[in-house]
Amino acid sequence: MIKAILIFNNHGKPRLSKFYEHYTEDTEQQIIRETFHLVSKRDENVCNFLEGGLLIGGSENKLIYRHYATLYFVFCVDSSESELGILDLIQVFVETLDKCFENVCELDLIFHMDKVHNILAEMVMGGMVLETNMSEIITQVEAQTKMEKSEAGIAGAPARAVSAVKNMNLPEMPKNINIGDISIKVPNLPSFK
Amino acid sequence: MPAPIRLRELIRTIRTARTQAEEREMIQKECAAIRSSFREEDNTYRCRNVAKLLYMHMLGYPAHFGQLECLKLIASQKFTDKRIGYLGAMLLLDERQDVHLLMTNCIKNDLNHSTQYVQGLALCTLGCMGSSEMCRDLAGEVEKLLKTSNSYLRKKAALCAVHVIRKVPELMEMFLPATKNLLSEKNHGVLHTSVVLLTEMCERSPDMLSHFRKLVPQLVRILKNLIMSGYSPEHDVSGISDPFLQVRILRLLRILGKGDDDSSEAMNDILAQVATNTETSKNVGNAILYETVLTIMDIKSESGLRVLAINILGRFLLNNDKNIRYVALTSLLKTVQTDHNAVQRHRSTIVDCLKDLDVSIKRRAMELSFALVNGNNIRGMMKELLYFLDSCDPDFKADCASGIFLAAEKYAPSKRWHIDTIMRVLTTAGSYVRDDSVPNLIQLITNSVEMHAYTVQRLYKALLDDISQQPLVQVASWCIGEYGDLLVSGQCEEEEPIQVTEDEVLDVLEGLLVSNLSTPVTRGYSLTAIMKLSTRFSSVNRIKKVVSIYGSSIDVELQQRAVEYNALFKKYDHMRPALLERMPIMEKTASNGPAEIVQTNGETESTILDTKHLPNITQPASQANDLLDLLGGNDVVPVIQTTVPTKPASAGGELLDLLGDLSLTGGPTPTPAPSVPMSQPPFLLDGLTSQPLFNDIAAGIPPMTAYNKNGLKIEFTFERSNPNPNIAVITIHATNSTEADMTDFVFQAAVPKTFQLQLLSPSSNVVPALNQGSVTQVIRVLNPQKVKHCEPRAHFASFCSSSLSICPETAQTLIRLVKLSKAE
């Protein structure tokens, strides 16, 4: 079972935190800080598995993490999950985010926290892996987003306009206008004397 | 009231904050705005506010005032509202808040909603944070959705069912009918979650396990299709089709095949196929192989398959990828118990991993190395492990030291090697060893009699070098106290003897007393050591001086000891030699065995071996010999005297060794110190001395009078000990019908070699006159071979030598018991 999924940046600021077990708010923040401490100390070329910190269950739970550019993706799991499988899951998650946000970067995660939660909800539910098929996940997420947009009313007009423009099928503007060889016959004008 | 700002605006604002205080201020302002907006019961902007609240919650600010708002959002009709509402419920609520129960009705309605996404949201929330009450109420709905044909809902319902089962295990049977055709689904998502559901059910209930065993052929078929089928783009991850599902199925097969021959046989082929055909160039392939190996090791697979599995693990160990090596070490640790020899083949690789830079790999390699140590490779392995101990991080040192001690104890090729190893550990990682290793070491040293001189010499030299490592110092000072005479006399066969004078030794010990590095415990050890040397050295005056100085020490522990030792010098000098004699050989206990019951006698330290007054009576030695004489020297083993002449006042405080191994009794202090608080562990049997220890079935042997002469009558009552029927428990009652008390009453016993005897402490050693009371003592006799018609001759000699010479005859009388037979 997955106990928690945390995403934080290189300075420890949380970008996403989802706990599948009950902890108080203070404990959750402490866990984030503790996990950041443990994970940031790691070298680049060591293995991606760590014993869990004391707050999150100690040596029974493992931290499986991956470092992408400025973000750490950390999954805290117990012994019933396959470590290598979770590594693959993190990869699938990041690739899905990439497809949904088009070249995802940290800013996307910052400003669209709720959307990331929705994507995650389609992949992991109650600490267990729900769906790993990327296209399936994306289809579901997009369908739900469409439902939201249809309800948005007037406030959604700008958003709708933007997506309308995006989806507009403009005909290809010709880039070079090749008129061809036009021989313009200039009439023989009498010369002024 | 202006419209509340959007989430994006808020985020942008917060990011402009340059300090934590600024950020806090902004958030507080926004929280206030949100609170007033909530009070206005504004429906249009509620979802925006809650979204902002969730963001602030993630940053760590309190957001509990939004809990009710989440509920209102859930109850709304709009999908957007519901979505944020459910997300908020999952993040902010949990079963400890009473508010969450209000959700139940909403979730119930949403589970029956027409839109599948709403149903999905409800299932998701229930599956994440549903409490047991909610689960009980809504299990029926979940079960209904489990049978639907909509694959989107079906997979969510399956995982929700897992959560329900975890919270309320009794509801498991309810989901059984729905699982019938779960595996015939085509959709991989549903397959995946169904396998998870089946796994959970099998893990929880053995009935389910046997019920689902019949699914093994179906699972094997699905797995086969996955491997054989060609490239399918939707499930492909790095070239392998749906590895997640493969791994899940392998795990379920493992659970189903464990301990069951038929299922294991059905799986053999497919496992072999997966093991050989999977590509190992990417992490994905390795994940599948890893799972396959674990499955092969757990089920009753044929030996060829097991060899294949271990070879795969061996290949993993040589892989460059750290993750793979870590995983290989973990699985080897699991299999080392069952396939020890196969894992031994990879020993050198494992030992190399000790030198890896990665902390996780080092830890795994260390655990595995300890598991692989055996009698053949102990020397080589120990060299590597000691080197590792030198260079590893402090977090490892404690575990490594304990592991080394355990391994050394089990497989030490020679006593000298053992002591050398221990010395090495103490000098390199002395401050990290566990507290109970000090008494264990002392016991070990005591038992290797021929090594005493060598040991004390080495310890002395180590002390000269470094007195900062407390366990080393404690062991060293104890040894010097015990064997100081050997040290000074310079007799050592193993090594070059060093020339040490008494004064030098005393200098060192006194140095320990005054040093700032010594803990109070260590100081206690060294003071006792100095005291013991008073009988072994000739410079008694110096010792007297030292002891009297510490009589006014601030440390209460030291002060008490010093005062008592002082009294020993002054008033009880005749007892001193007997008291401070050499310790007897202690029998070995298990190295991390159960804590011995310690009579603390007012002492604060818990080491049993430092009970300072362990009187060792010189009498028993001679009497044992007399016993032998009486018996004509045939196969009788003199018993180590376990009783001690005690004062009647302290009768109840005897050390009782219920575990039967360490036959030490700490006599209470014979000093005039006012009754030292005898803190006895609460589980000492009270009133032991007068009642039979084991009130269970009598052995069927009637009680008998063993001796009745000159006014002294000794009766035996027999019982059989309940936990071990080979042990006969004999309780003796001694009564005295003469007119004067019999004092210094000591009872001894001897049994033939095949038997084992244990004498527990007597209730007192004064038998009151005129049958006013009795002395009881418990004897346990073990017949390990359970010989039917054994002919033990337990010869009992009892003697009373009282100052009044009540019995005119001499002390010894032989009693011949006819047959101490074990009635079968």
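How many salt bridges does the structure hold over all chains? In this predicted model, the count over all chains comes to 44 salt bridges. Before individual pairs are described, the two chains that carry the residues discussed below are outlined in turn.

Chain A contains six helices and seven strands, and, read from the N terminus, its elements follow the order β-β-α-β-β-β-α-α-α-β-β-α-α. The chain has 193 residues, of which 51% count as buried, and it exposes about 10,300 Å², with carbon and sulfur atoms supplying 55% of that area. When contacts in chain A between residues at least 6 apart in sequence are considered, 47% of them join residues at least 24 apart.

Chain B, with 824 residues, has 56% of them buried, and its secondary structure comprises 32 helices and eleven strands. Among the contacts in chain B between residues at least 6 apart in sequence, 69% join residues at least 24 apart.

Several salt bridges of chain B can be followed residue by residue. Side chains of opposite charge can pair when their charged atoms come close. One such pair consists of B:Glu69 and B:Lys72, whose closest N and O atoms are 3.4 Å apart. The two residues are separated by about one helical turn, because they stand three residues apart in helix H4 of chain B, which covers residues 67-75.

B:Glu170 is exposed, and its relative accessible area is 54%.

The side chains of B:Glu185 and B:Arg154 also meet in a salt bridge, at 2.8 Å from N to O. Here again distant parts of the chain are linked, with B:Glu185 in the loop between H9 and H10 of chain B and B:Arg154 in helix H9 of chain B, 31 residues apart. B:Glu185 is buried, having a relative accessible area of 16%, and B:Arg154 is likewise buried, with a value of 8%. Elsewhere, salt bridges that share partners join B:Glu41, B:Arg46, B:Glu69 and B:Lys72 into one network.

Charged residues also form a surface feature of chain B, in which B:Asp261, B:Asp262, B:Glu265, B:Asp269 and B:Glu302 make up a negative surface patch. Within this group, B:Glu265 lies in helix H14 of chain B, spanning residues 261-277, and B:Glu265 is exposed, with a relative accessible area of 59%.

B:Thr179 is found in the loop between helix H9 (151-167) and helix H10 (188-204) of chain B, and it counts as buried because its relative accessibility is 5%, where buried means under 20%. When residues up to four places away in sequence are not counted, B:Thr179 touches B:Leu197, B:Leu198, B:Met201 and B:Phe212. B:Thr735, in turn, is found in strand E6 (residues 727-736) of chain B. Its contacts, leaving aside neighbours within four places in sequence, include B:Gly711, B:Leu712, B:Lys713 and B:Val767. B:Lys713 is 22 residues from B:Thr735 in sequence, while the C-alpha atoms of these two residues are 5.3 Å apart in space.

The backbone was examined as well. Most residues other than glycine have a negative phi. A:Glu102 has a positive phi, near 55°, although it is a residue other than glycine. A:Glu102 lies in the loop between helix H2 (83-101) and helix H3 (106-111) of chain A, and at 62% relative accessibility it counts as exposed. B:Asp242, which is not a glycine, has a positive phi of about 45°. B:Asp242 is found in the loop between strand E2 (240-241) and helix H13 (243-257) of chain B, and it counts as buried, with a relative accessibility of 4%.

Definitions and conventions. Residues are numbered from 1 along each chain as its sequence is written. Chains are lettered from A and ligands numbered from 1 in the order in which they are written. This is a predicted model: local features need pLDDT of at least 70, side-chain atom pairs count only at pLDDT 80 or more; totals for chains, interfaces and linings use all residues. Side-chain values use heavy atoms; hydrogens and water are left out. Patches are made of residues with over 30% relative accessible area and no salt bridge: like charges are joined within 9 Å, nonpolar side chains (Val, Leu, Ile, Met, Phe, Trp, Tyr) within 5 Å. Accessible areas come from the Shrake-Rupley method with a 1.4 Å probe; for residues, only the protein chains shown count as cover. A salt bridge is a side-chain nitrogen of Lys or Arg within 4 Å of a carboxyl oxygen of Asp or Glu. Lys and Arg count as positive and Asp and Glu as negative; His and the chain ends are not counted. The place of a charge is taken as NZ of Lys, CZ of Arg, CG of Asp or CD of Glu. Helices (H or I, at least four residues) and strands (E, at least two) are DSSP runs, numbered from the N terminus. Buried means under 20% relative accessible area, exposed over 50%, partly exposed in between (1.4 Å probe, protein chains only). Contact means heavy atoms within 4.5 Å.
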